[in-house]
Amino acid sequence: MDADNMSDLHEEGKNAINAPLLPSGTDIHPEDTLLEENAERIMLDPTSRENPKFKDLLKVLIDWINSELEEERIIVKDLEEDCYDGQVLQKLFEKLSGRKLNVAEVTQSEIGQKQKLQTVLEAVNDVLRPHGWTVEWSVDSIHSKNLVAIIYLLVALAMHFQAPIRLPEHVSVQVVVVKKREGILQTALMTKELTSTTEMMMGRFERDAFDTLLDHAPDKLNVVKTSLITFVNKHLNKLNLEVTELESQFADGVYLILLMGLLEDYFVPLYNFFLTPESFEQKVHNVAFAFELMQEGGLKKPKARPEDVVNLNLKSTLRVLYNLFTNYKTSA
(Lines give C-alpha, C1' and ligand atoms only; values in the text may rest on other atoms or scores of the structure.)
Protein backbone atom coordinates (compact mmCIF):
# COMPACT_ATOMS: atom_id res chain seq x y z
CA MET A 1 0.00 0.00 0.00
CA ASP A 2 1.52 3.39 -1.00
CA ALA A 3 1.85 6.35 1.37
CA ASP A 4 -1.13 8.25 -0.12
CA ASN A 5 -3.50 5.33 0.35
CA MET A 6 -2.17 4.76 3.86
CA SER A 7 -2.83 8.44 4.63
CA ASP A 8 -6.40 8.22 3.24
CA LEU A 9 -7.06 5.10 5.29
CA HIS A 10 -5.71 6.81 8.39
CA GLU A 11 -8.01 9.80 7.74
CA GLU A 12 -11.03 7.51 7.26
CA GLY A 13 -10.17 5.77 10.54
CA LYS A 14 -10.17 9.08 12.40
CA ASN A 15 -13.50 10.01 10.84
CA ALA A 16 -14.98 6.67 11.84
CA ILE A 17 -13.87 7.18 15.44
CA ASN A 18 -15.48 10.59 15.61
CA ALA A 19 -18.59 9.88 13.55
CA PRO A 20 -20.74 8.64 16.48
CA LEU A 21 -20.30 12.03 18.18
CA LEU A 22 -22.04 13.84 15.36
CA PRO A 23 -25.79 14.50 15.27
CA SER A 24 -27.55 12.23 12.82
CA GLY A 25 -27.64 13.66 9.33
CA THR A 26 -24.57 15.88 9.84
CA ASP A 27 -21.95 15.50 7.19
CA ILE A 28 -18.29 16.28 7.77
CA HIS A 29 -17.00 17.85 4.58
CA PRO A 30 -13.61 16.77 3.23
CA GLU A 31 -12.15 20.20 4.03
CA ASP A 32 -13.07 19.72 7.70
CA THR A 33 -10.69 16.78 7.97
CA LEU A 34 -7.90 19.03 6.71
CA LEU A 35 -8.16 21.42 9.65
CA GLU A 36 -4.89 22.55 11.15
CA GLU A 37 -4.14 21.58 14.73
CA ASN A 38 -6.41 23.45 17.22
CA ALA A 39 -8.38 25.01 14.35
CA GLU A 40 -12.16 24.78 14.32
CA ARG A 41 -15.02 24.92 11.85
CA ILE A 42 -18.66 25.70 12.64
CA MET A 43 -21.49 24.13 10.64
CA LEU A 44 -25.24 24.53 10.91
CA ASP A 45 -26.98 21.41 12.21
CA PRO A 46 -29.33 20.14 9.45
CA THR A 47 -32.32 20.01 11.82
CA SER A 48 -32.02 23.77 12.38
CA ARG A 49 -32.33 24.40 8.65
CA GLU A 50 -35.86 23.01 8.83
CA ASN A 51 -36.90 25.30 11.69
CA PRO A 52 -39.81 27.45 10.36
CA LYS A 53 -38.56 30.59 12.17
CA PHE A 54 -35.09 30.09 10.72
CA LYS A 55 -36.56 29.66 7.23
CA ASP A 56 -38.60 32.81 7.79
CA LEU A 57 -35.45 34.72 8.82
CA LEU A 58 -33.65 33.56 5.67
CA LYS A 59 -36.57 34.65 3.47
CA VAL A 60 -36.84 38.09 5.11
CA LEU A 61 -33.09 38.71 4.69
CA ILE A 62 -33.02 37.51 1.08
CA ASP A 63 -36.08 39.60 0.14
CA TRP A 64 -34.52 42.62 1.84
CA ILE A 65 -31.20 42.28 -0.03
CA ASN A 66 -33.01 41.84 -3.35
CA SER A 67 -35.13 44.89 -2.67
CA GLU A 68 -32.07 47.00 -1.81
CA LEU A 69 -30.04 45.80 -4.81
CA GLU A 70 -32.84 45.82 -7.37
CA GLU A 71 -31.21 48.68 -9.29
CA GLU A 72 -27.95 46.71 -9.44
CA ARG A 73 -29.86 43.83 -11.08
CA ILE A 74 -28.50 41.52 -8.41
CA ILE A 75 -30.73 38.63 -7.38
CA VAL A 76 -29.80 36.62 -4.31
CA LYS A 77 -31.30 33.14 -3.99
CA ASP A 78 -28.94 31.46 -1.53
CA LEU A 79 -27.08 33.38 1.20
CA GLU A 80 -24.20 30.91 1.40
CA GLU A 81 -23.55 30.75 -2.32
CA ASP A 82 -24.26 34.40 -3.12
CA CYS A 83 -22.57 36.23 -0.21
CA TYR A 84 -19.29 34.39 0.33
CA ASP A 85 -17.19 36.19 -2.31
CA GLY A 86 -17.91 39.72 -1.04
CA GLN A 87 -19.62 41.09 -4.15
CA VAL A 88 -23.18 41.19 -2.75
CA LEU A 89 -21.98 42.37 0.67
CA GLN A 90 -20.01 45.18 -1.00
CA LYS A 91 -23.00 46.41 -3.00
CA LEU A 92 -25.33 46.10 0.00
CA PHE A 93 -23.03 48.05 2.33
CA GLU A 94 -22.48 50.75 -0.30
CA LYS A 95 -26.24 51.14 -0.78
CA LEU A 96 -26.98 51.28 2.96
CA SER A 97 -24.09 53.54 3.96
CA GLY A 98 -23.84 55.74 0.89
CA ARG A 99 -20.10 55.01 0.83
CA LYS A 100 -18.19 53.79 -2.21
CA LEU A 101 -15.57 51.17 -1.40
CA ASN A 102 -12.29 50.97 -3.27
CA VAL A 103 -12.42 47.34 -4.40
CA ALA A 104 -12.18 45.46 -7.68
CA GLU A 105 -15.58 44.92 -9.26
CA VAL A 106 -15.17 41.25 -10.20
CA THR A 107 -12.78 38.90 -8.44
CA GLN A 108 -12.57 35.28 -9.50
CA SER A 109 -9.53 34.13 -7.50
CA GLU A 110 -9.78 33.12 -3.86
CA ILE A 111 -7.09 35.65 -2.93
CA GLY A 112 -8.98 38.43 -4.74
CA GLN A 113 -12.26 37.46 -3.09
CA LYS A 114 -10.70 37.46 0.38
CA GLN A 115 -9.05 40.83 -0.26
CA LYS A 116 -12.44 42.25 -1.25
CA LEU A 117 -14.07 40.69 1.83
CA GLN A 118 -11.33 42.15 4.02
CA THR A 119 -12.02 45.67 2.71
CA VAL A 120 -15.81 45.27 2.99
CA LEU A 121 -15.73 43.81 6.51
CA GLU A 122 -13.29 46.45 7.76
CA ALA A 123 -15.70 49.14 6.54
CA VAL A 124 -18.67 47.31 8.11
CA ASN A 125 -16.88 46.83 11.43
CA ASP A 126 -15.82 50.50 11.53
CA VAL A 127 -19.50 51.44 11.31
CA LEU A 128 -20.94 48.81 13.67
CA ARG A 129 -18.33 48.48 16.44
CA PRO A 130 -18.79 51.98 17.94
CA HIS A 131 -22.49 51.13 18.42
CA GLY A 132 -21.78 48.06 20.51
CA TRP A 133 -22.20 45.31 17.92
CA THR A 134 -20.19 42.18 18.67
CA VAL A 135 -18.36 41.07 15.52
CA GLU A 136 -19.47 37.47 15.00
CA TRP A 137 -18.02 37.16 11.51
CA SER A 138 -14.62 37.14 9.80
CA VAL A 139 -13.15 36.95 6.31
CA ASP A 140 -12.54 33.21 6.70
CA SER A 141 -15.99 32.40 8.13
CA ILE A 142 -17.82 34.34 5.40
CA HIS A 143 -15.61 32.97 2.60
CA SER A 144 -16.04 29.40 3.87
CA LYS A 145 -19.83 29.91 3.50
CA ASN A 146 -20.55 29.77 7.23
CA LEU A 147 -24.27 30.59 7.11
CA VAL A 148 -24.44 31.52 10.81
CA ALA A 149 -21.70 34.15 10.38
CA ILE A 150 -23.37 35.51 7.24
CA ILE A 151 -26.71 35.84 9.05
CA TYR A 152 -25.12 37.55 12.07
CA LEU A 153 -23.61 40.11 9.70
CA LEU A 154 -26.83 40.72 7.76
CA VAL A 155 -28.95 41.03 10.93
CA ALA A 156 -26.49 43.59 12.32
CA LEU A 157 -26.61 45.61 9.08
CA ALA A 158 -30.41 45.44 8.93
CA MET A 159 -30.77 46.62 12.52
CA HIS A 160 -28.10 49.32 12.34
CA PHE A 161 -29.43 50.85 9.13
CA GLN A 162 -33.04 50.48 10.33
CA ALA A 163 -34.14 48.31 7.41
CA PRO A 164 -37.90 48.47 6.71
CA ILE A 165 -38.30 44.78 7.51
CA ARG A 166 -39.64 42.71 10.38
CA LEU A 167 -37.11 40.15 11.56
CA PRO A 168 -38.57 37.15 13.37
CA GLU A 169 -37.60 37.35 17.04
CA HIS A 170 -35.81 34.75 19.17
CA VAL A 171 -34.39 32.68 16.31
CA SER A 172 -31.82 30.20 17.62
CA VAL A 173 -30.01 27.40 15.82
CA GLN A 174 -27.86 24.41 16.73
CA VAL A 175 -24.37 24.41 15.27
CA VAL A 176 -21.80 21.64 15.09
CA VAL A 177 -18.36 22.81 16.17
CA VAL A 178 -15.56 20.69 14.71
CA LYS A 179 -12.12 21.06 16.29
CA LYS A 180 -8.86 19.28 15.62
CA ARG A 181 -6.91 18.29 18.75
CA GLU A 182 -3.80 16.11 18.50
CA GLY A 183 -4.80 15.07 15.02
CA ILE A 184 -8.26 13.91 16.12
CA LEU A 185 -11.48 15.64 15.07
CA GLN A 186 -13.72 16.49 18.00
CA THR A 187 -17.30 17.66 17.63
CA ALA A 188 -19.74 19.44 19.92
CA LEU A 189 -23.23 20.93 19.62
CA MET A 190 -23.82 24.58 20.54
CA THR A 191 -26.85 26.85 20.46
CA LYS A 192 -26.45 30.20 18.70
CA GLU A 193 -29.01 33.00 19.09
CA LEU A 194 -29.34 34.78 15.73
CA THR A 195 -32.01 37.27 16.78
CA SER A 196 -33.36 38.36 20.15
CA THR A 197 -36.20 40.87 20.52
CA THR A 198 -36.35 43.86 18.21
CA GLU A 199 -36.18 46.05 21.31
CA MET A 200 -32.92 44.44 22.45
CA MET A 201 -31.37 44.47 18.99
CA MET A 202 -32.26 48.13 18.62
CA GLY A 203 -31.10 48.76 22.20
CA ARG A 204 -27.82 50.12 20.96
CA PHE A 205 -29.49 53.50 20.68
CA GLU A 206 -28.95 55.81 23.63
CA ARG A 207 -31.23 55.30 26.58
CA ASP A 208 -33.51 58.22 27.19
CA ALA A 209 -36.16 59.47 29.62
CA PHE A 210 -38.64 56.82 28.51
CA ASP A 211 -36.25 53.99 29.32
CA THR A 212 -35.90 55.42 32.83
CA LEU A 213 -39.62 56.02 33.11
CA LEU A 214 -40.63 52.48 32.14
CA ASP A 215 -37.82 50.82 34.12
CA HIS A 216 -37.92 52.83 37.34
CA ALA A 217 -41.10 54.88 37.54
CA PRO A 218 -43.96 52.90 36.00
CA ASP A 219 -46.36 54.67 38.37
CA LYS A 220 -45.67 57.92 36.50
CA LEU A 221 -46.34 56.29 33.16
CA ASN A 222 -50.10 56.78 33.41
CA VAL A 223 -49.59 60.49 34.05
CA VAL A 224 -47.54 60.79 30.87
CA LYS A 225 -50.03 58.73 28.87
CA THR A 226 -52.94 60.86 30.12
CA SER A 227 -51.12 64.05 29.11
CA LEU A 228 -50.40 62.69 25.65
CA ILE A 229 -53.98 61.45 25.15
CA THR A 230 -55.31 64.87 26.15
CA PHE A 231 -52.90 66.52 23.69
CA VAL A 232 -53.72 64.30 20.68
CA ASN A 233 -57.48 64.40 21.30
CA LYS A 234 -57.43 68.20 21.48
CA HIS A 235 -56.53 68.07 17.79
CA LEU A 236 -58.13 64.83 16.58
CA ASN A 237 -61.50 65.90 18.03
CA LYS A 238 -61.67 68.45 15.21
CA LEU A 239 -62.17 65.45 12.90
CA ASN A 240 -64.56 63.79 15.36
CA LEU A 241 -61.86 61.25 16.25
CA GLU A 242 -60.83 60.19 19.73
CA VAL A 243 -57.98 58.19 21.17
CA THR A 244 -58.32 56.14 24.34
CA GLU A 245 -55.48 53.67 23.87
CA LEU A 246 -52.03 54.92 22.79
CA GLU A 247 -50.37 51.60 21.90
CA SER A 248 -52.97 50.28 19.49
CA GLN A 249 -54.68 53.32 17.98
CA PHE A 250 -51.51 54.76 16.44
CA ALA A 251 -50.14 51.42 15.25
CA ASP A 252 -51.52 51.63 11.69
CA GLY A 253 -50.19 55.17 11.14
CA VAL A 254 -53.54 56.70 10.11
CA TYR A 255 -54.04 58.83 13.24
CA LEU A 256 -50.38 59.89 13.13
CA ILE A 257 -50.77 61.17 9.57
CA LEU A 258 -54.06 62.96 10.32
CA LEU A 259 -52.54 64.44 13.48
CA MET A 260 -49.59 65.86 11.54
CA GLY A 261 -51.98 67.47 9.05
CA LEU A 262 -53.91 69.07 11.91
CA LEU A 263 -50.76 70.27 13.69
CA GLU A 264 -49.27 71.77 10.53
CA ASP A 265 -52.66 72.93 9.22
CA TYR A 266 -52.80 71.11 5.88
CA PHE A 267 -54.90 68.38 4.28
CA VAL A 268 -53.04 65.14 3.54
CA PRO A 269 -54.25 63.71 0.20
CA LEU A 270 -55.75 60.27 0.71
CA TYR A 271 -53.73 58.78 -2.16
CA ASN A 272 -50.54 59.30 -0.10
CA PHE A 273 -51.42 56.66 2.48
CA PHE A 274 -53.69 53.70 3.25
CA LEU A 275 -56.81 54.91 5.05
CA THR A 276 -57.75 51.34 6.01
CA PRO A 277 -54.42 49.46 5.98
CA GLU A 278 -54.72 45.70 6.13
CA SER A 279 -51.20 44.32 5.87
CA PHE A 280 -48.14 44.87 8.04
CA GLU A 281 -46.40 46.49 5.06
CA GLN A 282 -49.24 48.99 4.52
CA LYS A 283 -49.15 50.00 8.19
CA VAL A 284 -45.36 50.42 8.04
CA HIS A 285 -45.82 52.59 4.93
CA ASN A 286 -48.26 54.81 6.83
CA VAL A 287 -46.06 55.26 9.89
CA ALA A 288 -42.97 55.89 7.72
CA PHE A 289 -44.97 58.51 5.79
CA ALA A 290 -45.99 60.17 9.08
CA PHE A 291 -42.29 60.26 10.04
CA GLU A 292 -41.53 62.00 6.73
CA LEU A 293 -44.20 64.62 7.48
CA MET A 294 -42.63 65.19 10.91
CA GLN A 295 -39.21 65.77 9.40
CA GLU A 296 -40.68 68.11 6.80
CA GLY A 297 -42.18 70.02 9.73
CA GLY A 298 -38.71 70.53 11.19
CA LEU A 299 -38.71 67.73 13.75
CA LYS A 300 -35.75 65.41 14.21
CA LYS A 301 -35.96 61.95 12.69
CA PRO A 302 -37.81 59.78 15.25
CA LYS A 303 -35.64 57.36 17.23
CA ALA A 304 -38.27 54.69 16.80
CA ARG A 305 -38.62 52.57 13.67
CA PRO A 306 -41.99 52.44 11.89
CA GLU A 307 -41.98 48.67 12.48
CA ASP A 308 -41.74 49.20 16.24
CA VAL A 309 -44.84 51.42 16.28
CA VAL A 310 -46.75 48.92 14.12
CA ASN A 311 -45.68 46.12 16.49
CA LEU A 312 -47.42 47.96 19.39
CA ASN A 313 -44.14 48.85 21.09
CA LEU A 314 -45.33 51.31 23.74
CA LYS A 315 -41.96 52.95 24.34
CA SER A 316 -41.52 53.69 20.63
CA THR A 317 -45.04 55.09 20.30
CA LEU A 318 -44.55 57.25 23.41
CA ARG A 319 -41.29 58.64 22.03
CA VAL A 320 -42.97 59.69 18.79
CA LEU A 321 -45.98 61.29 20.49
CA TYR A 322 -43.90 63.01 23.14
CA ASN A 323 -41.77 64.52 20.38
CA LEU A 324 -44.95 65.98 18.86
CA PHE A 325 -46.18 67.11 22.26
CA THR A 326 -42.99 69.07 23.06
CA ASN A 327 -43.03 70.74 19.64
CA TYR A 328 -46.73 71.51 19.29
CA LYS A 329 -48.09 71.72 22.86
CA THR A 330 -48.89 75.41 22.39
CA SER A 331 -50.74 74.81 19.10
CA ALA A 332 -54.38 75.83 19.12
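Lys225 touches Leu246, Glu247, Leu314 and Leu318, leaving aside residues up to four places away in sequence. Lys225 belongs to helix α11, which covers residues 218–236, and it is buried, with a relative accessible area of 17%. The model in which this residue is seen is a predicted one. Its chain contains 16 helices and three strands, and 47% of its 332 residues count as buried.

**The chain as a whole**

- The chain exposes about 17900 Å², and carbon and sulfur atoms supply 51% of that area.
- Among contacts in the chain with a separation of 6 or more, 60% are accounted for by residues 24 or more positions apart.

**The sheet**

- The three strands form an open sheet in the order β1-β2-β3, and the pairing is antiparallel.
- Strands β1 (40–44) and β3 (184–195) stand at the edges; each has a single partner strand, so one side of each is left without a neighbour in the sheet.
- On average, neighbouring strands of this sheet are turned by 25 degrees against each other, with direction ignored.
- In general, the strands of a sheet pair through backbone hydrogen bonds, in either a parallel or an antiparallel manner.
- Strand β1 pairs with β2 (residues 171–181) in the antiparallel sense over five bridges, and Ile42 has Val177 in β2 as its bridge partner.
- Strands β2 and β3 also pair in the antiparallel sense, over eleven bridges, and Gln174 stands opposite Thr191 in β3.
- The hairpin of β2 and β3 has two residues between the strands, and Glu182 in this hairpin takes a positive phi near 50 degrees.

**Helices against the sheet**

- Helix α3 (residues 52–68) lies across β1, β2 and β3, and its direction runs at about 95 degrees to β2.
- Helix α8 (residues 147–160) packs on the sheet and touches β1, β2 and β3. The direction of α8 makes about 25 degrees with that of β3.

**The pairing of α13 and α16**

- Helix α13 (residues 254–264) and helix α16 (residues 314–328) pack at an angle of about 10 degrees, and their axes are 12 Å apart.
- Because of this angle, α13 is roughly parallel to α16.
- From α13, the residues Leu256, Leu259, Met260, Leu263 and Glu264 meet Val320, Leu321, Leu324 and Tyr328 of α16.

**Buried residues in other helices**

- Val120 is found in helix α6, which spans residues 110–128, and it is buried, with a relative accessible area of 1%.
- Leaving aside residues up to four places away in sequence, Val120 touches Gly86, Leu89, Gln90 and Leu101.
- Val120 and Gln90 are 30 residues apart in sequence, while their C-alpha atoms are 5.8 Å apart in space.
- Glu307 lies in helix α15 (residues 306–310) and is buried, with a relative accessible area of 2%.
- Not counting residues up to four places away in sequence, Glu307 touches Ala163, Pro164, Ile165, Phe280 and Val284.

**Loop residues with positive phi**

- Lys145 is not a glycine, yet it has a positive phi of about 65 degrees.
- The place of Lys145 is the loop between α7 (139–143) and α8, and at 29% relative accessibility Lys145 counts as partly exposed.
- Asn240 likewise is not a glycine, and it has a positive phi of about 60 degrees.
- The place of Asn240 is the loop between α11 and α12 (246–249), where Asn240 is exposed, with a relative accessible area of 73%.

Note on methods:
Residues are numbered from 1 along each chain as its sequence is written. This is a predicted model: local features need pLDDT of at least 70, side-chain atom pairs count only at pLDDT 80 or more; totals for chains, interfaces and linings use all residues. Side-chain values use heavy atoms; hydrogens and water are left out. Helices (H or I, at least four residues) and strands (E, at least two) are DSSP runs, numbered from the N terminus. Buried means under 20% relative accessible area, exposed over 50%, partly exposed in between (1.4 Å probe, protein chains only). Contact means heavy atoms within 4.5 Å. Accessible areas come from the Shrake-Rupley method with a 1.4 Å probe; for residues, only the protein chains shown count as cover. Axes are lines fitted to C-alpha atoms, for helices over the stretch in contact, and angles run from 0 to 180 degrees between N-to-C directions. Angles under 35 degrees count as roughly parallel, over 145 as roughly antiparallel, 65 to 115 as roughly perpendicular and the rest as oblique. Two strands pair if DSSP finds at least two bridges between them.
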